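Please read each task before turning to its solution.

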Amino acid sequence: MKIRDIYKNKKTVFSCEVFPPKPGAKKEGILQTIKDLKLISPDFISVTYGAAGETKEGTIEIATRIKKTYKMEPLMHLTCIENKKKDIEKILNNISQKGIQNILTLRGDIPVDRKFKSTASDFSHASDLTAYIKTRTDKFCLGVAGYPEGHPEAYSIEKDIKNLIKKIQAGASFIITQMFFKNDFFYLYLDKLREMEISVPVSAGIMPVFKAKLLSKMINLSHATIPSRLISLIEKYGDNESEMEKAGIEFAVGQIEDLIDHGVEGIHLFTMNRSSLARKISSYSNLR
Ligand SMILES: Cc1cc2nc3c(=O)[nH]c(=O)nc-3n(C[C@H](O)[C@H](O)[C@H](O)COP(=O)(O)OP(=O)(O)OC[C@H]3O[C@@H](n4cnc5c(N)ncnc54)[C@H](O)[C@@H]3O)c2cc1C
């Protein structure tokens, strides 16, 4: 099923994000996670694509398992930063045969730990990948990333939204946002998108902070602002794993309930492959 049709039929679309194992690593853990996630019936499960395609095979395999073995809808992430058109063409042919119908088209982060050759890619931005796929075939429903606090490389949030418009004009049907911990950023962002006539559905990216150590990693990745209440929770419970998890779940549930009250079109949960966390959050927040 195409994800754009799920948004048409649901008031609040609920999705979960997982990551595939590294090449050569065992798959049992992630397969159990997916089996467990099925118990909370997410509308779709997205599978990340490792930096510069290092998990390409794993991403495709896990997305295929979600579809064929577990009978749920996968959303396969695909980055273009180090891909040529012929590489993308091969991937599209492969996943189309496997029944994958939904792709999150991304640029990917520019590698900082090794030399990056921009000539290794036929694409500069996610909008180029979106346009390329759309001109090749209409088999796929495409989603793109949005940044409620602005993308870290963007000159301003307005410029970033103008670039988001290019992705929508290229054929994207929905947006999934970067994580944020203050809902006001999301509401302001949504207002700006609607003012700028972006009318496609937007899912809010929610990351439960279940470990204090994760926070600095998350800030580095997302540049999200951490509200003082979350900082206090980490100061209070940071050394106690089970209390920190409880507090992190409670914080995420509070965010989700407020978003649902404001009529959000979708909640996208970054599960970090922890199905128990996703199950608790979905039951406490009446997502299911
Ligand atoms: C929900 C979500 C899932 C993600 N999943 C993955 C994943 O699986 N694997 C992974 O490696 N990364 C993933 N990322 C991270 C993402 O790859 C990075 O944030 C990356 O830096 C930007 O990707 P993008 O697709 O948003 O790029 P783009 O849309 O290309 O934007 C990148 C920057 O360029 C600017 N820009 C965009 N288009 C133009 C244009 N035409 N002209 C000039 N400037 C432009 C934008 O304003 C922005 O500052 C994910 C991010 C999100 C929010």
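**Exercise 1. Determine which elements the buried residues of helix H11 pack against, and how these residues are arranged around the helix.**

Solution. The buried residues of H11 pack against strand E1 (13–18), H2, helix H10 (241–261) and strand E8 (266–270); contact means heavy atoms within 4.5 Å. Helices (H or I, at least four residues) and strands (E, at least two) are DSSP runs, numbered from the N terminus. This is a predicted model, in which local features need pLDDT of at least 70, side-chain atom pairs count only at pLDDT 80 or more, and totals for chains, interfaces and linings use all residues. Residues are numbered from 1 along each chain as its sequence is written, and side-chain values use heavy atoms, with hydrogens and water left out.

Next, identify the residues: in H11 (residues 275–284), Ser-275, Leu-277, Ala-278, Ile-281 and Ser-282 are buried. Buried means under 20% relative accessible area, exposed over 50%, and partly exposed in between (1.4 Å probe, protein chains only).

Finally, look down the axis of H11: the buried residues fall within an arc of 155°, so they line one face of the helix. The arc is that of the directions from the helix axis to the C-beta atoms.

**Exercise 2. Describe how helix H6 and helix H7 cross.**

Solution. Two packed helices are described by the angle between their axes and the distance between the axes. The axes of H6 (residues 157–169) and H7 (residues 183–195) come within 11 Å and cross at roughly 55°. H6 is therefore oblique to H7. Axes are lines fitted to C-alpha atoms, for helices over the stretch in contact, and angles run from 0 to 180 degrees between N-to-C directions. Angles under 35 degrees count as roughly parallel, over 145 as roughly antiparallel, 65 to 115 as roughly perpendicular and the rest as oblique.

**Exercise 3. State where Pro-21 lies and whether Pro-21 is buried or exposed.**

Solution. Pro-21 is placed in the loop between E1 and H2. With a relative accessible area of 15%, Pro-21 is buried. Apart from residues up to four places away in sequence, Pro-21 touches Lys-26, Lys-27, Ile-30, Thr-55 and Ile-62.

**Exercise 4. Locate Ser-41 and give its phi.**

Solution. Ser-41 belongs to the loop between helix H2 (28–38) and strand E2 (44–47). Although Ser-41 is not a glycine, its phi is positive, at about 45°. Ser-41 is partly exposed, with a relative accessible area of 41%.
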